[in-house]
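Hi everyone, thanks for making time. Let me put the sequence and the structure up, and then I'll walk you through the bits I'd like you to look at.

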Amino acid sequence: MHVRFKVIFIIFILLTISVISRLFYWQVLEGGRIAALARAQQTGGQRLEAHRGNILDKSGSWLAASGDSWLLYASIPDLENGAGMIAKLLAPLFIDLESETAKEDLLKETLRLENNINQPKVVWVPLKKRIDDEKRREIEALGIKGLGFETEEARVYPEGSSSAHLLGFVGKDEDGNDKGYFGLEGFYDLTLKARTGYQSTTANALGSPLVFGKKKRIDAVGGVDLITHIDKAIQLTVEEKLEEALVRYGAKSGTVIIMNPHTGGVLAMASSPNYDQKTYYDFGDDLFRNPSISDSFEPGSVFKPIVMAAAFDAGVVKPDTVCDICDRFFKIDKYTIGTWDGKYYPNSTMIDVIKHSDNVGMVFAGQKLGIEKFRKYISDFGFGQITGIDLEGESSPKLRGNGEWSMVDLATSTFGQGIAVTPIQLIKAISIIGNGGVSVTPQVVDKVKLGSWEEDVAPELGDRVISEKAAREITEIMVLAVKEGEAKWAVPKGFKIAGKTGTAQIPVLGHYDEEKTIASFVGYAPADNPKFTMLVTLREPESSTWASETAAPLWFDIALDIFPYLGVEPEK
């Protein structure tokens, strides 16, 4: 009897310990999870979505907008057909059947879909993102049981691939969330991004909301709209003219930028080759980089007005200063510097030097300026540093540091060789001359807007770089260079344009390729009070290596179209 009592007592103690252990496990160790499950059962809720901000041109026309698209998914238990059959039916809808690689693409897409559906231990699997309404109707017409659609936000570009480098695109981050990359989409990603909201209500055991239950709501907030300086009419004109020029001149690539020299507002920016933002994943990464702000090149003679303006401002030469070394080629160290056409003009003034695009005359002006002043001026003009334009991806080639300049470096840099710039740096520098001597930051976005709230993005004006007198003097010489230069045959009659051509040989493996050039023309109009500055660059044109026969005609062709649009009238 005594032994039986002990056994019962021990069993009772063990049961007590077991119960206490389980209570400790459920109430302490698993308490948080159980409470969360209870709350989930007692509350119902839903995410509240809002759209990403729009990107608009100056008149309010859409450059990029948000819309709805569809995510195609498969509910595995509901599928009545095999994965292979479903993949064969769907794959042709997701590739370009007319492309040269159609057979290869079709095989890859079929295998991708089949592998997705055949994943083990999965009951729901996404098959294709961002399907438009037309594609959804085609899929529904196939009558495949077990396929369904969920709404998801899509980025819409009404003009297709227009302004791709300028706008960038929306992709996914590492967590699968929408994120802007490159251009405006990347630079203003946090501004454009919408904030997701949430709404919750107390529910019964069946999940139905209780009439008098607690309710909580955090409203979704849409992204901020960007109103840009971009003029869609000018942008489309520039893109059309650039594409035509690439074919006409056989150039590998090209870039055009048009900017207001007084505010820095970018009216148009285009580069080709281009890509389609909607299907960015079909293009190589190299195409995403915006050549206008990321690619560097040796500018050649379009750099000469900047150097001469600095020399005028420093007072080391005047427009009528006579060059005493311009009657022959110039030797410095072991190098010989000559003119581009082998012609020499004794007793040339600085006016003649720019008009004839005389390399020897530029060396003369550069020597008068000296290394220290030369380096300070080109730094003040903005070279060697990013401009600060509101686009993601800007880069800048470095300038030689103090003590790293030789007299040979100074000499070659005066006519735009041995120094690298980006297109946006160059147009900023020329705009400083055009606006009378003041630095201004290039700017794409003019205003930000959310609902009824709107705020201007003020222009960023910097310090004075050169005097108004120096700017006026070099402007008059640039006007003469346009009227009497090598491209005078293409100049629109009656308009006062200040500009300069540039033909720069491309450095290859330590030397300059005589056959490959970058042809440029930069200028502003009307010269006395410009409405715009424009830079045109063409890489490796085949029809002619000279800018006067390629880049300059393209500049004037675009200008003729936008003159009446911007209210630029010919002189009486």
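Where is the place of P273? P273 is in the loop between strand 12 (266-272) and helix 10 (291-294). I'm using DSSP runs here, H or I of at least four residues for helices and E of at least two for strands, numbered from the N terminus.

Quick housekeeping before I go on. This is a predicted model, where local features need pLDDT of at least 70 and side-chain atom pairs count only at pLDDT 80 or more, while totals for chains, interfaces and linings use all residues. Residues are numbered from 1 along each chain as its sequence is written, and side-chain values use heavy atoms, with hydrogens and water left out.

Most residues other than glycine have a negative phi, and most peptide bonds are trans. Now look at the bond between S272 and P273: that one is cis, with omega at about 10°. There's another cis bond between A525 and P526, with omega about -15°. P526 lies in the loop between strand 20 (511-525) and strand 21 (532-539).

On to phi. S163 isn't a glycine, yet its phi is positive, near 65°. You'll find S163 in the loop between strand 5 (147-156) and helix 6 (164-167). F182 also has a positive phi without being a glycine, about 65°, and F182 is in the loop between strand 7 (178-181) and helix 7 (183-187).

Are those two buried or exposed? By my cut-offs, buried is under 20% relative accessible area, exposed is over 50%, and partly exposed is in between, with a 1.4 Å probe and protein chains only. S163 has 4% relative accessibility, so it counts as buried. F182 has 27%, so that one goes down as partly exposed.

Zooming out, there are 18 helices and 21 strands, and 48% of the 572 residues are buried. For contacts, meaning heavy atoms within 4.5 Å, I looked at pairs with a separation of 6 or more: 71% of those are between residues 24 or more positions apart.

Next, helix 4, residues 102-117. It has 16 residues and reaches 22 Å from its first C-alpha to its last, close to the 22 Å expected at 1.5 Å a residue, where the expected span is 1.5 Å times one less than the number of residues. Buried in helix 4 are A102, E109, T110, L113, N116 and I117. Seen down the axis of helix 4, the buried residues fall within an arc of 130°, so they line one face; the arc is taken over the directions from the helix axis to the C-beta atoms. Those buried residues pack against helix 3 (83-90) and strand 4 (124-131). On the other side of helix 4, K103, L107, K108 and N115 are exposed.

Now strand 11, residues 253-259. How many of its 7 residues are buried? The count is 7 of 7, and both faces are covered: S253, T255, I257 and M259 on one side, G254, V256 and I258 on the other. As for partners, two strands pair if DSSP finds at least two bridges between them. Strand 11 runs antiparallel to strand 21, with 7 bridges joining them, and T255 has T537 as its bridge partner there. Strand 11 also pairs antiparallel with strand 12, over 6 bridges, with V256 opposite A270. Strands 11 and 12 make a hairpin with 6 residues between them, and G264 in the turn has a positive phi of about 85°.

Last stop, the nonpolar cores. I define a core as a set of buried Ala, Val, Leu, Ile, Met, Phe, Trp, Tyr and Cys residues joined through side-chain atoms within 4.5 Å. The largest has 90 residues, and M308, F381 and F383 have the most contacts inside it. Leaving out residues up to four places away in sequence, F381 touches I306, A309, K428, A429, I432, I433, V465 and I466. A second, separate core has 36 residues, including A270, V536, F556 and F563.
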